[in-house]
Amino acid sequence: MGKGAGCVPSKKRQPPATTVAAALSSSSAAAVPRDAPEEALDSAAGESARTLRLYIVFYSMYGHVEALARHAAAGASTVEGVEVVLRRVPETLSPEVLEKMQAPAKDPAVPVIAAPADLEEADGMLFGFPTRYGAMAAQMKAFFDSTGSLWEKQRLAGKPGGFFVSTGTQGGGQETTA
């Protein structure tokens, strides 16, 4: 990766200097006195708590990435206040090609994401896809390419996102897909 890419922090940009007290004073818990018992802080934080929606959007031809997505959903759903929404991206291959590739039928319990704009409903996103020759699957790329208007209008700004990838072999391109 190039200079300043990925997880490498910029030398020019310093992280914001926030403290727990500053974070509390900017939230609804500011009305609770600083010397209040811990129970009062917990109840004040609970009043403003809301359910966070985590979208796990994936593409899986043979079911391997779908299994990873389901495991990620199971883990995330154990966190209190998190609602997990599983969605698959639209298939770009014809049924005839999928049959020749011996791809199993898709689970109807996991719907196809209706439109890229559905991502606006999410508070956070996790994307999963297989690696094809060191790159993401074309179906996922087609989906990402369709999100251009969301990026142009900054509709997803400030929403955390992550991804997971899978390959059929060790050293099969996970690092280059990332």
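**Figure 1. The largest nonpolar core of the predicted model comprises 20 residues.** The residues with the most contacts inside this core are Tyr 55, Val 57, Leu 119, Met 125, Phe 127, Met 140 and Phe 143. At least two core residues come from each of β1 (52-58), β3 (124-132) and α5 (138-145). Strand β3 gives the most, supplying three residues.

**Figure 2. Surroundings of Val 57.** Leaving aside residues up to four places away in sequence, Val 57 touches Arg 87, Val 89, Ile 113, Leu 119, Leu 126, Phe 127, Gly 128, Met 140 and Phe 143. A second, separate core holds 10 residues, among them Leu 54, Ile 56, Phe 58 and Val 110.

**Figure 3. Gly 124 lies in strand β3.** Gly 124 has a relative accessible area of 7% and is therefore buried, the cut-off being under 20%. Apart from residues up to four places away in sequence, Gly 124 touches Arg 53, Leu 54, Tyr 55 and Pro 160. A distance of 5.3 Å separates the C-alpha atoms of Gly 124 and Lys 159, which are 35 residues apart along the chain.

**Figure 4. The protein contains seven helices and five strands.** Along the sequence, these elements follow the pattern α-α-β-α-β-α-β-β-α-α-β-α. The protein has 178 residues, of which 28% count as buried. Among contacts between residues at least 6 apart in sequence, 74% join residues at least 24 apart. The protein exposes about 11900 Å², and carbon and sulfur atoms supply 57% of this area.

Conventions:
Residues are numbered from 1 along each chain as its sequence is written. This is a predicted model: local features need pLDDT of at least 70, side-chain atom pairs count only at pLDDT 80 or more; totals for chains, interfaces and linings use all residues. Side-chain values use heavy atoms; hydrogens and water are left out. A nonpolar core is a set of buried Ala, Val, Leu, Ile, Met, Phe, Trp, Tyr and Cys residues joined through side-chain atoms within 4.5 Å. Buried means under 20% relative accessible area, exposed over 50%, partly exposed in between (1.4 Å probe, protein chains only). Helices (H or I, at least four residues) and strands (E, at least two) are DSSP runs, numbered from the N terminus. Contact means heavy atoms within 4.5 Å. Accessible areas come from the Shrake-Rupley method with a 1.4 Å probe; for residues, only the protein chains shown count as cover.
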